[in-house]
There are 2 protein chains.
Amino acid sequence: MSAPASNWQSRATEKRASILARISLEWRLSPEDLAKAEGERDITGLVQEHLEAAESRIVASDATAIVSLLRDGTFSATQVATAFCKAAAIAHQIGNCLHEVFFDQAMERAKELDTHFQKTGTVCGPLHGLPISLKDQFHVKGMDTTMGYIESQITTELLSLGAILYCKTSLPQTLLFGETKNNIIGETVNPHNRKLSCGGSSGGEGALQALGGSVLGVGTDIGGSVRIPAAFNGIFSLKPTPERLSYRDVANTNPGQNTYRSTVGFLSTSIAGLELALRATLSTEPWLRDPAVVPIPFRQEIFELYRSRAEGDGKASSRPLKLGILWTDRSVGPHPPIIRGLRQVVEAVKAAGHKIVDWDPPLQATAKRVHVSFLLADGGHDIHSHLDLSGEPLIPDLEEAFELKPPMDLLEYQRLTLEGLDYEQAYSDYWNSTAVDAVIMPVAPHAAVIPGKYYHTAYTEVINLMNYSAAVIPVTKADKSIDVPDITYEPLNDVDKKNWEAYDPEIYDGAPVGVQLVARKFEEEKILAIAEIVSACLARC
Amino acid sequence: MSAPASNWQSRATEKRASILARISLEWRLSPEDLAKAEGERDITGLVQEHLEAAESRIVASDATAIVSLLRDGTFSATQVATAFCKAAAIAHQIGNCLHEVFFDQAMERAKELDTHFQKTGTVCGPLHGLPISLKDQFHVKGMDTTMGYIESQITTELLSLGAILYCKTSLPQTLLFGETKNNIIGETVNPHNRKLSCGGSSGGEGALQALGGSVLGVGTDIGGSVRIPAAFNGIFSLKPTPERLSYRDVANTNPGQNTYRSTVGFLSTSIAGLELALRATLSTEPWLRDPAVVPIPFRQEIFELYRSRAEGDGKASSRPLKLGILWTDRSVGPHPPIIRGLRQVVEAVKAAGHKIVDWDPPLQATAKRVHVSFLLADGGHDIHSHLDLSGEPLIPDLEEAFELKPPMDLLEYQRLTLEGLDYEQAYSDYWNSTAVDAVIMPVAPHAAVIPGKYYHTAYTEVINLMNYSAAVIPVTKADKSIDVPDITYEPLNDVDKKNWEAYDPEIYDGAPVGVQLVARKFEEEKILAIAEIVSACLARC
């Protein structure tokens, strides 16, 4: 092991080199290939070009299909792991989306799984042989980054279910940022449009999946961090209520701020992948090992109850869903591609016979103000204590927000706690008054954002204040020929004006647009079923 | 309505008079009766002396029996309400345990229920006609104390289930005290032994039930407040995990301290009464109206799974329970009556074939220190803001603890949050290592306490830090002829010495001894089933 480098810059350089060094030479791209990727705006198809036909078939399958192909012996775990390690290796070289690779460990694991399967004819759990990527907050035994750390509980759970872990994905400094920039790897951009951000904080997950290097990953969300990267990268995600899944022994920013908690969630290329992940992890009864987890098993009956409300063969549902639609939070209006995306969802579900009502909850700006106050309450002390360890500075984007300040007064902290609880009750009362099953909302007031222009995180943050469950589904892509700026728009305030002015149809062209479907606390099964119905409606339109 | 009195003393006098004034003359005790009660040490039998045979039969029945007798028409709701209003009226005159009586409202309600029953032959819900008493934190529509308040959600739920509400019971100033003293009614003493305290903070509930004035009541617990009065008054209680039942629109001390939350619980003269209350309130799906409540319905399968582990007719259970026993928390050792009570439980369950293991969790003093820090963190600001409204002073017992001080520094508050979470995990790990079903613990290091000598609340408070579910069952009574002081005992520290010296066999003689049975988070069904099994074992010994 090398001696620690003298400063953070050289340690970052070393780190970048060590990620590359762990990629075998046969998977390294030539300077020509790298230059080609640099020259493309959309690089989502490039990884596939480097794969064999079988590898290509594997990484293009969704998580449930892969598990089936492993179970019926079509592919071995070694074949699957090879395909994903290779795809991730290439994805990282063109997409700069990984913090750690441990392909050797993954291949060894795959071999063990294959041996078991050959000997017994049975799989090692519901995730047997499925490669799963992890946001770089989760500790994995045997990895450099776990020195001094215990393995994260959910990591152990995934392994016990038969999964193969093979890489950790990039995230922004502090975790509290809707883009993915840090002093180690720099920036992870959006594979669909390299002029745009992949979102954050589980941004590396989003980018890796958009590139075809993963079909199922684990992220976290305290203000939108699994939803934003899903929406920005054209994939699916599930943000559960905190305490549904284990956060035990996961690295986190300011964990002593426990009033509004970060939550573990999944990102996947399919809703079925999210279902699989939720069902499997809950089957391990995580609450027995992590006292923060609420003992609610996967409720098949709730899942099926809502699934049964889908429309049948060409016929409208006999028990249609009632969905709310939040067109704007009345603080910052969404850009044209988002409004078109929302309309598309509304028309699709209406066409299938479901009901839509306009949704106008208690002013979301209140919730945003309260929520962000908790994230900033310690005056940046936790973040700066970590910066002090390495000597690295805050990245420029975060300098202002996390400047070191005196912590908030405790009486104000407790007053804000009450204000948050009051808001939560008012929101719940409003929900009851409308009797909707779920609500369709923007994830952000823009499609995958232009770096440096993420001015308003309220659309996701408010849902964290309520601890609601949410799923993100992809809808469309920004299209400069349709999504023309609305020149009659009158901004409501300065932030709205800044956001409105930031809409550039040329730059945004091709940016993925997703929406979040929101249900109440601990309604993960319900929101997945509804996401499936809504996605099916979209697919038919 | 009278004009507000000029000072808190005269307002307190008025308040006391108004409670009495609402008791009809025919239920008022003569000076001779009052003098007789004053002269007795144990007054638990006195209320019965003033009741008719039918009334006596009603109030001596348990909650489930009363509900049955109403359902089969043996008694009308009016008869039942009359019996309880009368019993409570007499109980208050000799036991000083009520803050509010609303017998007129209760009788009117009973009449409505009877009319419904006569017309339809059906009951109005699972609690049809059952009188339920409420700790004076719960708001009831139409009562003076609710001016400006919304009715508490659980109050509305109980009414929707058919219950009759008739009185609110006494509690200590601040709610954060293991006895029941305040500037309004003075002190509520222990009906089993008037030299002792009824406990707190749901102390009026405990005393009222000991006197036969209620069979089911609603209290709250942030440090032991439904468990202590149950143990001290020889009744049963259930302290659920916070967020199992609704605390919405319930008056509370320092609600902005939301890290360790107070929880709504039940006190009853039977375990079946606790089951009835839990099952009924959960059937209303409180989580739909209170977003703080976790959506876990009453899980009959868990309840039955544990009930099935009881021993059969004279035969040991084929799947015996494994119970831990905490003899001491290693800070303050329990008095002889408590040790004898614990032994009695251990022997009874062993005799039935269940397994017992000594239980030695991570040092409980750590949890106690963390938990109490949160209760004191605001430096008494919330309490003093309430005192300022009336001008009343802190009662002498609380002067020192709640002296106005600067609030805690937020960074220390967040550091303590982490320390609490770490402790919770260590405790959970220890639990897993022992694989027990539940743990038998003291409720306090003494039987119903001598007023002013409650030095150590850790036995209950630690369970609040973990947010565990717990049930209290009565076991025995202190007996000066058996429970002799252990003169060889060497106190572990100053508090232990004070507590040890406070054991006076003469004064404690006749004091109820209960134990708490503790299970993990959201295991209310399980702990009730186990409490039923353990109680049955005790009854057979």
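I count two strands as paired if DSSP finds at least two bridges between them. Helices (H or I, at least four residues) and strands (E, at least two) are DSSP runs, numbered from the N terminus.

**Before starting.** The model is predicted: local features need pLDDT of at least 70, side-chain atom pairs count only at pLDDT 80 or more, and totals for chains, interfaces and linings use all residues. Residues are numbered from 1 along each chain as its sequence is written, while chains are lettered from A and ligands numbered from 1 in the order in which they are written.

**Entry 1: a strand pair.** I looked up strand 8 (residues 216–221) of chain A. It runs antiparallel to strand 10 (residues 263–268) of chain A, and 6 bridges join the two. A:Gly217 faces A:Leu267 in strand 10 of chain A.

**Entry 2: the sheet.** I then traced the open sheet in chain A. Its 11 strands follow the order 1-3-2-8-10-9-14-15-13-11-12, with mixed pairing. Strand 1 (98–101) and strand 12 (355–358) of chain A are the edges, each pairing on one side only.

**Entry 3: one residue.** I picked A:Val515, in strand 15 (residues 512–519) of chain A. Is A:Val515 buried or exposed? A:Val515 is buried, because 29 other C-beta atoms lie within 10 Å. The cut-offs: 20 or more other C-beta atoms within 10 Å of a residue's own means buried, 12 or fewer exposed, in between partly exposed, with C-beta atoms placed from the backbone. The C-alpha atoms of A:Val515 and A:Val472 are 5.6 Å apart, though 43 residues separate them along the chain.
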